[in-house]
Amino acid sequence: MSMDMAPRLDTDALLADPETRIVVCCGSGGVGKTTTAAALGVRAAERGRKAVVLTIDPARRLAQSMGIDALDNVPRRVEGIDGSAGGELHAMMLDMKRTFDEFVEAHADPERARAILANPFYQSLSAGFAGTQEYMAMEKLGQLRARDEWDLIIVDTPPSRSALDFLDAPKRLGSFLDGKFIKVLMAPAKVGGRAGMKFLNVGVSMMTGTVSKVLGGQLMRDVQTFAAAMDTMFGGFRTRAEATYRLLQAPGTAFLVVAAPERDALREAAYFVERLAADRMPLAGLVLNRVHGSGAAQLSAERALAAAETLSLGLAEASVAPTADDPENDDPENDGPGNDDPESDGPENLVEGGIVDPGSGNAQGQNASAADDPPAADAPSDPDGSPTSAERLAVDLLRLHAERMQVLAREQRTHHRFTTLHPEVPVAEVAALPGDVHDLSGLRAIGERLAEQTEQQQATPTPAVG
Amino acid sequence: MSRLHVVSGKGGTGKTTVAAALALALATDGRRTLLVEVEGRQGIAQLFETGALPYEERKIASAPGGGEVHALAIDPEFALLDYLHMFYKMGSAGRALKKLGAIDFATTIAPGLRDVLLTGKACEAVRRKGKDGRFVYDFVVMDAPPTGRITRFLNVNHEVAGLARTGPIHNQAQAVMRVLKSPETAVHMVTLLEEMPVQETADGIGELRADGLPTGAVIVNMVRPAILDHAAVEAAAQGQRAAVAKALSQAGLGGARRGGLAERLVDPLLEQAREHAERVALERAQRAELTGLGLPLYELELLTDGVDLAGLYRLAADLRKQWPM
């Protein structure tokens, strides 16, 4: 909004820049992250990039419309993209277990790979470990980047419960897999039973005993077998994790923090911004989704409500004595057919007289509108006739407007709080759509709104009423 | 009535707010409730406008009629140390385990263990009795993980079964599961009247039912009033523009003739009304979908100024009016 001094984020320039090779969309759940990633993909492809979108958990209908509802962990070409600029869009939905399995198969000999894949501990780890999804998304990103088939990779991130998960996952899994604890766990399995324990001090052996007691002997053995089988891959994990981390820090990567103009989402976004800075990850800016606007922003909520109240009072009076002081109003059915030009100047002139003094002009205005309106149109919604129905409608319109302006004010307050904390972060606002997006034309519309917001923000506000 | 209320919902639907309002509502008239969070986000502290919650049960609010809401942010690491202490009397060993990375392993990496610890702590609070033999908390309300993860989170037994077929973790999981699958527990879903949250709610309820977990209510959050429908807006746009301009003019909003301020308001106001009507129609379809789920449906209005403490009490009162408690 105009009151904010934050620089504007130009997503079109970002997508058009051949130096931009990876765009990572992150943010809290429910802010439209997946939709933003997909919309950026569509826009980039239709402007000539050969793009691939890696999504984590798209809504079913969105996935169907992109042709990626089948989970096969392979990018599929998206049909229906305008390729006239020479671009293409591919998309895939991440299957984290499969990515993990593929990783194991690629880094261990067949026999060892089979042993790992069959291990119960591995099976749980690959399907359920809190960080697996994050880690595997990064692993897949590394793979896609290495294939060098696309000039732009757009990544949607998992709906992490906190920003930390996503950035920490590579390190955490890596540090676990070649950490102290697993070495201790592995020790007996590696050198063949309890004999190996003598190499460890008594404290540690007591500790493994304790762990075994808590975890249960069988789980302990599974972990040990797993760790032994994975042993040769540990180095690989750490190397990959570090390579992915560096890839994220590289100049060709751009992070977009996605948020909605709500307190919690923006608080999370601010946290993300700080975290990315701490990890020296290149932040391109904030995409603020679902921002409300108004074509009548010059009319404040307070004035709209006051006006609605004025009209309601008039209506209440009219309903007490609807015809006594307003005889011309009696037969609204009569005046329609002859007057088919609602824009005619005659009645407006009458009103001109009425608004010189709104109080006394009230009755005059009603007369005028009675003469002005084709009643056929409003008959279904209000059998009483047009003057009061138009006023009732005006009351509703004003109340809706007041509600909209309150939403706007709240959104601006939360947005402002963010820009005060992080004035350096460029922001792109995406105007709210009334419904959900689940097809290419919807994604295209989002992409256009992302691009258009620059003009909207620059538009000079119309002078205020009164 | 159930004593453990698990509140889930898609991200962005306000499940923390609803969980807090429910805890307040249940505490009304002299009851004691414990509100727990399990995702380390400190959402409860923010809602109740207090500092970050430690791993300690403390009173955070009074409910109307002398009730109390206590809160606890369950931290898996502390919960594990707690557990080790309670069952194995291993206070100092915990620190050594931490140094070794074993606690890290159990709470963040070993699949399912973390969830057993979190749900286990909540179940312990549900069953805890005071010296007088009465339950310490009348109700426990859990701000749970989002819809996409809730079934997996609660079905600790299944998660752990393949992993620990015997031993203490297995037993603990069994005990937790007995509480979670009993009528003592109810899993509620928070949603908005929007397509994706409603779809996730339906999917989530299907999963809960398939796994034999007890479903509770669906709470529709942030409901906005339906003021105008399509027919009214289109009728207005067809033939009443000038009349509306006049009405606006009468209300003191400027001139109604072409180019006058009131006249220029008509188009943008009608456009907003059109968007509103479109939303009303979408919401109607979503509400019908939710009704089809066969669960009690409660609605909470949108607080246009955002949720502050006063708003939270209002939502609690609203829930209490609708919900047989």
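Trainee: At what angle do helix H4 (residues 96-107) and helix H5 (residues 110-118) of chain A pack?

Mentor: Keep in mind that we're looking at a predicted model. The axes of these two chain A helices, H4 and H5, are 8 Å apart. Their packing angle is about 150°.

Trainee: Is H4(A) roughly parallel or roughly antiparallel to H5(A)?

Mentor: Here you need a cut-off: angles over 145 degrees count as roughly antiparallel. H4(A) and H5(A) pack at about 150°. That makes the pair roughly antiparallel.

Trainee: Which residues of H5(A) make the contact with H4(A)?

Mentor: The crossing of the two helices is right-handed. On the H4(A) side, the contact uses Asp101(A), Val104(A) and Glu105(A). Facing them from H5(A) are Ala113(A), Ile116(A) and Leu117(A).

Trainee: How many residues in that contact of H4(A) with H5(A) are nonpolar?

Mentor: Sort them by class: there are no polar residues, and 2 are charged. The nonpolar count is 4.

Trainee: Over to chain B. How far apart are the axes of helix H11 (residues 230-239) and helix H13 (residues 261-291) of chain B?

Mentor: H11(B) and H13(B) pack at about 160°. They are therefore roughly antiparallel to each other, and H11(B) passes H13(B) in a left-handed crossing. Their axes lie apart by 9 Å.

Trainee: Which residues of H13(B) take part in the contact with H11(B)?

Mentor: H11(B) brings His230(B), Val233(B), Glu234(B), Ala236(B) and Ala237(B). By class, the contact has 7 nonpolar, 1 polar and 3 charged residues. From H13(B) come Leu270(B), Ala273(B), Arg274(B), Ala277(B), Glu278(B) and Ala281(B).

Trainee: And helix H10 (residues 195-210) of chain B, is it roughly parallel or roughly antiparallel to H13(B)?

Mentor: The cut-off for roughly parallel is an angle under 35 degrees. The axes of H10(B) and H13(B) come within 10 Å and cross at roughly 5°. That makes the two helices roughly parallel.

Trainee: How many polar residues does the contact of H10(B) with H13(B) have?

Mentor: Glu195(B), Val198(B), Gln199(B) and Thr201(B) in H10(B) meet Gln286(B), Glu289(B) and Leu290(B) in H13(B). Of these, 2 are nonpolar and 2 are charged. The polar ones number 3.

Trainee: Is Asp318(B) buried or exposed?

Mentor: Asp318(B) sits in helix H14 (residues 309-322) of chain B. Leaving out residues up to four places away in sequence, Asp318(B) touches Leu300(B) and Glu301(B). The buried class takes residues under 20% relative accessible area. With 17%, Asp318(B) is therefore buried.

Trainee: How far apart in space are Ala256(B) and Ala243(B), C-alpha to C-alpha?

Mentor: Ala256(B) is in the loop between helix H12 (241-250) and H13 of chain B. At 1% relative accessibility, Ala256(B) counts as buried. In sequence, Ala256(B) and Ala243(B) are 13 residues apart. In space, their C-alpha atoms are apart by 8.7 Å.

Trainee: What separates the C-alpha atoms of Leu117(B) and Asp82(B)?

Mentor: Leu117(B) belongs to helix H6 (residues 113-127) of chain B, and at 13% relative accessibility Leu117(B) counts as buried. Along the chain, Leu117(B) and Asp82(B) are 35 residues apart. Their C-alpha atoms are separated by 9.7 Å.

Trainee: What's the phi of Arg290(A)?

Mentor: Arg290(A) is in strand S7 (residues 283-291) of chain A. Its relative accessible area is 35%, so Arg290(A) is partly exposed. Phi of Arg290(A) is positive, in a residue other than glycine, and near 55°.

Trainee: Is Asp29(B) buried or exposed?

Mentor: Asp29(B) isn't a glycine, yet has a positive phi of about 65°. Its place is the loop between helix H1 (15-27) and strand S2 (32-37) of chain B. At a relative accessible area of 52%, Asp29(B) is exposed.

Trainee: Last one: what share of the 325 residues of chain B count as buried?

Mentor: Chain B comes to 14 helices and 8 strands. The buried share of its residues is 58%.

Technical notes: Residues numbered from 1 in each chain as written. Chains lettered and ligands numbered in written order. Predicted model: local features only at pLDDT ≥ 70, side-chain atom pairs only at ≥ 80, totals over all residues. Heavy atoms only, no water. Axes fitted to C-alpha atoms, helices over the stretch in contact; angles between N-to-C directions. Helix = DSSP H or I, 4+ residues; strand = E, 2+ residues; numbered from the N terminus. Parallel < 35°, antiparallel > 145°, perpendicular 65-115°, else oblique. Left-handed = near helix turned anticlockwise from the far one by under 90°. Contact = heavy atoms within 4.5 Å. Nonpolar A, V, L, I, M, F, W, Y, C, P; charged D, E, K, R; others polar. Buried < 20%, exposed > 50% of the residue type's maximum accessible area, 1.4 Å probe, protein only.
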